[in-house]
Amino acid sequence: MNESLFTSFITPTMMGIPIVVLIIMFPSILFPSPSRLVNNRLVSIQQWLVRLTSKQMLSIHNHKGQTWALMLMSLILFIGSTNLLGLLPHSFTPTTQLSMNLGMAIPLWTGTVAIGLRYKTKASLAHFLPQGTPFPLIPMLVIIETISLFIQPMALAVRLTANITAGHLLIHLIGGATLALTSISTITALITFTILVLLTILEFAVALIQAYVFTLLVSLYLHDNT
Amino acid sequence: MASVVPVKEKKLMDVKLGELPSWILMRDFTPKGTAGAFQRGYYRYHNKYVNEKRGGVAMVLAAYMLFNYCPCYKELKHQRLCKYH
């Protein structure tokens, strides 16, 4: 049973050809670009959602931070659509692979740190020491703040991977348990209900995207504007 | 096999088999040309399958699900209903 649990997380190859590139590029098909003044239903809904999210997300940034609008919006769209598509049966979710999440987290975090160090060197270096610390504690606190800074990209990537993977695994397990218990009834009703509730909670994988972009955004904000 | 209309301006479905190599060589392979070809193909697909009143994105997602069944088939063969596994 152990091996069959994790087979849904291997990168899919069809007859030896890795189709994982196709699967990563698939969500872009579902977001057509608006080409007219009045578009069709799908495009109008997506436009409205993107406007709503971008207004709420970029309201705390100053002019310099708002140049990152395109990056942040495409990030949230990509992660959101990828996670939601992974809830379909038999589908492969690229965000369960730690390699891909690290590839997203590390460059973005490095960008924010670089911007902070370049344009506001003194202010960004001053982040390492919170205000009002007693004098003997300073060296230790600098070390702790440095460690917490460098853990940020790792935390971003591992958080996303772990959440999505854990959710998928739970669905597999509980679904299998339900199927196995159909011969012994009246417990099945309870477990099927648990599956339903779990799936609904897992639909809040979108909330995870919010968490991802929000933490990235907080980091950007801190480094850039303060 | 010469044709009345010059080969250059025909769409793919109208090109006869013997003229296919010359038709392929005729297409412009500049980045702008290939991007234009992808854009045209995408909009043909979109207008045919997504822009309709019934179906739309739901049909695309259903096709995606069926497409994803193929790599999983090998592992799912054990789960068929039979008396002895």
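## Surface and composition of the two chains

Accessible areas come from the Shrake-Rupley method with a 1.4 Å probe, and for residues only the protein chains shown count as cover. On this basis chain A exposes about 13500 Å², and carbon and sulfur atoms supply 73% of that area. For chain B the accessible surface comes to about 7500 Å², with 65% of it belonging to carbon and sulfur atoms.

This is a predicted model, in which local features need pLDDT of at least 70 and side-chain atom pairs count only at pLDDT 80 or more, while totals for chains, interfaces and linings use all residues. Residues are numbered from 1 along each chain as its sequence is written, chains are lettered from A and ligands numbered from 1 in the order in which they are written, and side-chain values use heavy atoms, with hydrogens and water left out.

## Helices, strands and burial

Helices (H or I, at least four residues) and strands (E, at least two) are DSSP runs, numbered from the N terminus. Chain A has 9 helices and 2 strands, and from the N terminus on its elements run α-β-β-α-α-α-α-α-α-α-α. Chain B has 3 helices and 0 strands, in the pattern α-α-α along the sequence.

A residue is called buried under 20% relative accessible area, exposed over 50%, and partly exposed in between (1.4 Å probe, protein chains only). Of the 226 residues of chain A, 35% count as buried; of the 85 residues of chain B, 16% do. A contact means heavy atoms within 4.5 Å. Among the contacts in chain A with a separation of 6 or more, 70% are accounted for by residues 24 or more positions apart.

## Helix α3 of chain A

Helix α3 of chain A covers residues 41-57, which makes 17 residues. From its first C-alpha to its last it reaches 24 Å, close to the 24 Å expected at 1.5 Å a residue; the expected span is 1.5 Å times one less than the number of residues.

Which residues of α3(A) are buried? They are A:Val43, A:Gln46, A:Ser54 and A:Met57. Seen down the axis of α3(A), these buried residues fall within an arc of 75°, so they line one face of the helix. The arc is that of the directions from the helix axis to the C-beta atoms. An α-helix has 3.6 residues a turn, so residues three or four places apart point the same way. On the other side of α3(A), the residues A:Arg41, A:Trp48, A:Arg51 and A:Lys55 are exposed.

A:His63 sits in the loop between α3 and α4 of chain A. A:His63 is exposed, with a relative accessible area of 67%. A:His63 and A:Thr53 are 10 residues apart in sequence, and their C-alpha atoms are 18 Å apart in space.

Helix α4 of chain A (residues 69-85) has 17 residues and reaches 24 Å from first C-alpha to last, close to the 24 Å expected at 1.5 Å a residue. Its buried residues include A:Leu72, A:Ile76, A:Gly80 and A:Asn83. A:Leu85 also lies in α4 of chain A and counts as buried at 8% relative accessibility. Not counting residues up to four places away in sequence, A:Leu85 touches A:Phe26, A:Pro27, A:Leu30 and A:Ser91, as well as B:Leu61 and B:Tyr64. In the loop between α4 and α5 (98-119) of chain A is A:His90, which is partly exposed at 35% relative accessible area. A:His90 has a positive phi of about 70° although it is not a glycine. Most residues other than glycine have a negative phi.

## A nonpolar patch on chain A

A:Phe193, A:Leu196, A:Val197, A:Ile201 and A:Phe204 form a nonpolar patch on the surface, with about 540 Å² of accessible area together. Patches are made of residues with over 30% relative accessible area and no salt bridge; like charges are joined within 9 Å, and nonpolar side chains (Val, Leu, Ile, Met, Phe, Trp, Tyr) within 5 Å. A salt bridge is a side-chain nitrogen of Lys or Arg within 4 Å of a carboxyl oxygen of Asp or Glu.

Where in chain A does A:Phe204 lie? A:Phe204 is in the loop between α8 (188-203) and α9 (205-224) of chain A, and it is exposed, with a relative accessible area of 55%.
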